[in-house]
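Thanks, everyone. Please have the sequence and the model open as we go. I'll take it piece by piece.

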Amino acid sequence: MENNPVHDLVVIGAGPAALSAAVYTTREDIETLVLEKGVIGGLAAITDSVENYPGFPDGISGLELADRLRAQAERFGTKLEYGDVTKIENGSDVKKAYTADNKEYLAHTLLIATGNNYKRLEAEGEKEYYGKGVHYCATCDGPLYKGKRLVAVGGGNSAAQESLFLAKLVDHIDILIRKDQWRASDILVERIAKTPNITVHFNTEISQIVGEGNFVKRVVAKNNQTNQNVEFATDGVFVFIGLIPNTQFLAGSGIELDERGFVKTNEHLGTNILGIFCAGDVRSGATEQIASAVGEGATAALTIREYLDQVPARKHGDHPHRSMQTDSRTYSAA
Ligand code: NDP
């Protein structure tokens, strides 16, 4: 493609990890383009109230936090463009990102910060009450239900661990598991058994979330052994049935993923391909917290800065604060 500029950095995704990285890079004159296919701010932007992001003692809405991150990145010159990246390639000189509308972006470095999505139940009422009674993150939204009654769904480690966390806040939790046993580790299952305000219901599949106005009131489920309907009165439903990393576009790219499909990196957030980095929830081992994603964005930016210093084709200014050790291990997980 003629006159297609080679960017210093193309960031794929525009959640907290991506935008923090862009704040750091553009502030240091690393020319940065951010491509996003959905909401600026990622999953964080659709969180009602973020109460555990340091520096905001009264909490902040996810949308406002996203707006502020975006404004801060743009202030230093970050360019944001709509782009649904469907494929990336490690060319001999430059990296390439292709979008669904047939655009090709060239870059010296790529940062994968595409986050993940919570797996949905696909139950009636789930979409309608999303964010106002239906939640997927206990740390984020559990404290909104102090002293209330909840239903949690799932039988894995997430469901067990998150329900134990919620049990400290709420009056009572009914956990609905579709199989006749837990998939979670024994130690968590034992802890659940010893927690008096948790009741576990096996063979129970949720079919409908019912509310009135803006509030969830009850859940309709079915016992898959007896085929009988069961109802649970509740103020909210927490769904913990797994995560889907947004890594489908990496198929065939050579980027190494873990067994669950999340991107593997080294401690400096380099992937197994030199010059391609990853930060935030899409990264294998991420903690799924906004504060952590922001920290990872900063770490990735520092590594990218060091990497770009060694790219001959890229001319850069004199940056005074160079401290991190640079060798190939810094950039590559291999
Ligand atoms: P898992 O895939 O381990 O478990 C998902 C659970 O949700 C299963 O009980 C599954 O049921 C159920 N489920 C899936 N789809 C549906 C559906 N449509 N309707 C009802 N139930 C459904 O996911 P987790 O998020 O729990 O864990 C992911 C990974 O992270 C695991 O490897 C886990 O070990 C790890 N992890 C570890 C922690 C720890 O060690 N403390 C904490 C949290 C996570 P079924 O069994 O029938 O498929």
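Let's start with one leucine, L164. Set aside its neighbours within four places in sequence, and L164 still touches L188, R191, I192, T195 and I198. This is a predicted model, by the way. Where does L164 sit? In helix α5, which covers residues 157-167. Is L164 buried or exposed? Its relative accessible area is 14%, and the cut-off for buried is under 20%, so L164 counts as buried. One more distance here. N197 lies 33 residues from L164 in sequence. In space, their C-alpha atoms are 9.7 Å apart.

Next, a pair of helices. Find α1, residues 16-27, and α3, residues 62-75. Their axes come within 8 Å. They cross at roughly 25°. An angle under 35 degrees counts as roughly parallel, so α1 is roughly parallel to α3. The crossing of these two helices is left-handed. Which residues meet there? From α1, we have P16, L19, S20, A22, V23 and T26. From α3, the partners are A66, L69, R70, Q72 and A73. By class, that contact holds seven nonpolar residues, three polar and one charged. An α-helix has 3.6 residues a turn, so residues three or four places apart point the same way.

Now over to helix α7, residues 290-309. How many residues does α7 have? It has 20. From first C-alpha to last, α7 reaches 29 Å. At 1.5 Å a residue, 28 Å is expected, so to speak, and the value is close to that. α7 is also mostly covered. Of its 20 residues, 14 are buried.

Most residues other than glycine have a negative phi. N102 has a positive one, near 65°. N203 is also not a glycine, and its phi is positive too, at about 55°. Where are they? N102 is in the loop between β5, residues 95-99, and β6, residues 104-112. N203 is in the loop between β11, residues 198-201, and β12, residues 204-212. Now look at their surroundings. N102 has 70% relative accessibility, so it counts as exposed. N203 has a relative accessible area of 14%, so N203 counts as buried.

That's the tour. Over to you for questions.

Notes
Residues are numbered from 1 along each chain as its sequence is written. This is a predicted model: local features need pLDDT of at least 70, side-chain atom pairs count only at pLDDT 80 or more; totals for chains, interfaces and linings use all residues. Side-chain values use heavy atoms; hydrogens and water are left out. Axes are lines fitted to C-alpha atoms, for helices over the stretch in contact, and angles run from 0 to 180 degrees between N-to-C directions. Helices (H or I, at least four residues) and strands (E, at least two) are DSSP runs, numbered from the N terminus. Angles under 35 degrees count as roughly parallel, over 145 as roughly antiparallel, 65 to 115 as roughly perpendicular and the rest as oblique. A crossing is left-handed if the near helix is turned anticlockwise from the far one by less than a right angle, and right-handed if clockwise. Contact means heavy atoms within 4.5 Å. Ala, Val, Leu, Ile, Met, Phe, Trp, Tyr, Cys and Pro count as nonpolar, Asp, Glu, Lys and Arg as charged, and the others, Gly among them, as polar. Buried means under 20% relative accessible area, exposed over 50%, partly exposed in between (1.4 Å probe, protein chains only).
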